[in-house]
Amino acid sequence: MGDRIIMSKRELKRKSIFERVKRGEMSQKDASIRLGLCYRQVKRAYRRFLKEGDKGLVHRSRGKRSTNAYPEELKEKVIELYASKYKGFGPTLTSEKLEEEDGIKLSVETIRLWLKSSGLWQAKRVRRKHRQRRARRSRFGEMLQMDGSIHRWFSGDESRQCLMNLVDDATSTTLSLLAEGETTEAAFKLLCWWIRKYGIPMSIYVDLKSLYISPKSLRYRDEDELVEPEWLTHFSRSCAKLGIEVIKAYSPQAKGRVERSHGVYQDRFVKELKLKGIRSIEKANELLSGGFITSLNKKFAKIPASEEDAHIAIENTRQLNDIFCWEYTRTVHNDWVVRFENEYYQITKTHAKKVRPKQKITVKRHMRGELTLWSGDSKLSYSQYDKEQAKERAKTTKPKASKKRVKTVSPWRQFNPDWLKKSGPQTEKVSA
C-alpha cells in the first residue's frame with residue numbers, strides 16, 4: 001500500500017492541468033482561471049508538483065490523526081463498555097447512558113462513527129408508505145390513544161407480556177403499565193390511573209379489538225350504511241358512564257402516535273430493564289411509575305397548541321371503583337336468591353320490598369375482587385348461600401313427627417252409605 005497514492009477528484013483535475021502546463025500547452029495564468037485559484041497559489045502548487053510529482057498535489061494532513069481527536073484509549077473504553085453493557089443500544093441512547101452511568105460525555109455523532117467503524121452497530125433502513133399526516137388535537141386531554149404492545153420485555157426470557165400504553169394526541173404525554181396480556185382489567189387500571197392523575201378525557205382512540213369494541217356493533221345493513229346498536233363491552237360501557245367518547249381506528253396508522261410510542265418503549269424500556277436486572281412484572285411497573293415515564297415525558301412531550309385543558313376534574317375518585325367493573329344482568333329467584341358464576345347469593349330481608357322475584361338486577365365484579373348487587377342505583381346487601389352446608393343441615397335435622405290422619409265421615413254417607421258406589425240405588429226423581 002505504500003506505493004499507492006489516494007487522490008481526490010479535485011487533485012486529479014489539478015494534476016491534468018499541471019501536465020498540460022508542463023508540456024507547454026497552457027500557461028500558469030490560464031491554469032489559475034481553470035482551477036479557480038489565484039496566480040500565486042498556482043505557482044506554489046506547480047513548483048511542488050515539479051519537485052515531488054503526484055505526491056506533491058495530495059493534501060499534507062491526509063492520513064494523519066487530527067489534533068482535536070479524542071484519545072485512542074477513550075475510544076477503546078467506550079467500545080468495550082458498549083460491547084459489555086449497552087449492546088443493541090442506538091447511538092443516542094448510548095450517549096445518554098454513558099453520561100448517566102459512566103460519566104463519559106460524548107456527542108451522538110462521535111459514538112455513531114466509532115460504533116460503525118468497529119462493526120458493532122449499523123443503521124436500519126425503514127421504508128414507509130406515503131400517508132397524509134393528521135394534525136394534532138389542540139388541547140391536552142381532547143383525545144387519548146390506547147393500545148397494547150405484545151413484546152419480549154425481559155431479556156433472556158422467551159415469554160411475551162403486554163405493555164398497555166396511553167398517549168395524549170396533543171402533547172404525546174404517555175402513561176403505561178405492564179401486564180400479562182391485553183385484558184379488560186389492564187385497560188381499566190391504566191385509564192383509572194390516568195383519570196386520577198389528569199382528569200377525565202374527552203375521547204379515546206382504540207382499535208377494533210373485542211376488548212374495546214363489541215363485534216356485534218359492527219353490522220352493515222347495506223354496503224354504505226353502518227348499523228351500531230347498543231352493544232357495549234365492559235370497557236366501552238365504563239367510558240360511556242364517564243362521558244368519554246370511544247373512537248374506532250380502522251388501521252394502525254390511524255393511531256400512529258401510540259404505535260410510535262411502542263417503538264420508544266421497546267427500545268428504551270427493554271434496555272432499562274436489562275440494566276436494572278428486572279425480570280418480573282411487579283418490579284417493571286415500579287420502574288415505570290418510579291420515574292421512567294416522567295423522564296420519557298420530559299424528553300418527548302410536546303407543548304399543545306392551546307393552553308386550555310380538556311380534562312374534566314373528578315370530584316370523588318372512590319366512585320371509579322363502581323364504574324370500572326364487570327357488569328352482568330341476573331334474575332332474582334322466587335326465594336330472593338341470585339345465581340352468579342355457579343354460586344348462590346341470598347338477598348337480605350331488608351331489601352325484599354325493593355326487589356321482587358323475577359326482577360332483573362345488576363351484578364358487578366370489581367377490580368379488587370369484591371362482588372356487589374344493584375337494583376338500579378340502590379346497592380343490595382346479601383349473604384352467600386352454600387348449598388353443601390344446607391344439605392348437611394337437612395341431614396342432621398330430626399324430621400317432625402307426622403300427625404295421624406283422622407278419617408272424616410261425610411254427612412251424606414249417614415243417610416245413604418252406598419251413594420258413592422256405582423251399583424248403589426238411583427236417586428228418585430222428585431216430581432214438581
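Let's start with a pair of side chains: Asp207 and Lys255 meet in a salt bridge, at 4.0 Å from N to O. These two link distant parts of the chain, 48 residues apart. Asp207 is in the loop between strand 4 (203-206) and strand 5 (219-220), while Lys255 is in the loop between strand 7 (245-248) and helix 9. Keep in mind as you look around that this is a predicted model.

Now step back for a moment. How many salt bridges does the structure hold? The count is 26. Another one to look at joins the side chains of Lys97 and Glu272, at 2.6 Å from N to O. Lys97 sits in helix 5 (residues 91-101) and Glu272 in helix 9 (residues 256-276), so this pair ties together parts that are 175 residues apart in sequence. Here, too, both partners are tucked under cover: Lys97 is buried, with 8% relative accessible area, and Glu272 counts as buried at 10%.

For a local pairing, turn to helix 7 (residues 184-197), where you'll find both Glu185 and Lys189. They are 4 residues apart, which is about one turn of the helix, and their side chains meet in a salt bridge of 3.4 Å, N to O. What about their exposure? Glu185 is partly exposed, with a relative accessible area of 33%, and Lys189 is also partly exposed, at 42%. Those values put both residues between the cut-offs, because buried means under 20% and exposed means over 50%.

Which residues form the positive surface patch? They are Arg40, Lys43, Arg44, Arg47 and Arg48. Take Arg48 as one of them: you'll find this arginine in helix 3 (residues 39-52). Its relative accessibility is 32%, so Arg48 counts as partly exposed.

Key. Residues are numbered from 1 along each chain as its sequence is written. This is a predicted model: local features need pLDDT of at least 70, side-chain atom pairs count only at pLDDT 80 or more; totals for chains, interfaces and linings use all residues. Side-chain values use heavy atoms; hydrogens and water are left out. Patches are made of residues with over 30% relative accessible area and no salt bridge: like charges are joined within 9 Å, nonpolar side chains (Val, Leu, Ile, Met, Phe, Trp, Tyr) within 5 Å. Accessible areas come from the Shrake-Rupley method with a 1.4 Å probe; for residues, only the protein chains shown count as cover. Lys and Arg count as positive and Asp and Glu as negative; His and the chain ends are not counted. The place of a charge is taken as NZ of Lys, CZ of Arg, CG of Asp or CD of Glu. Buried means under 20% relative accessible area, exposed over 50%, partly exposed in between (1.4 Å probe, protein chains only).
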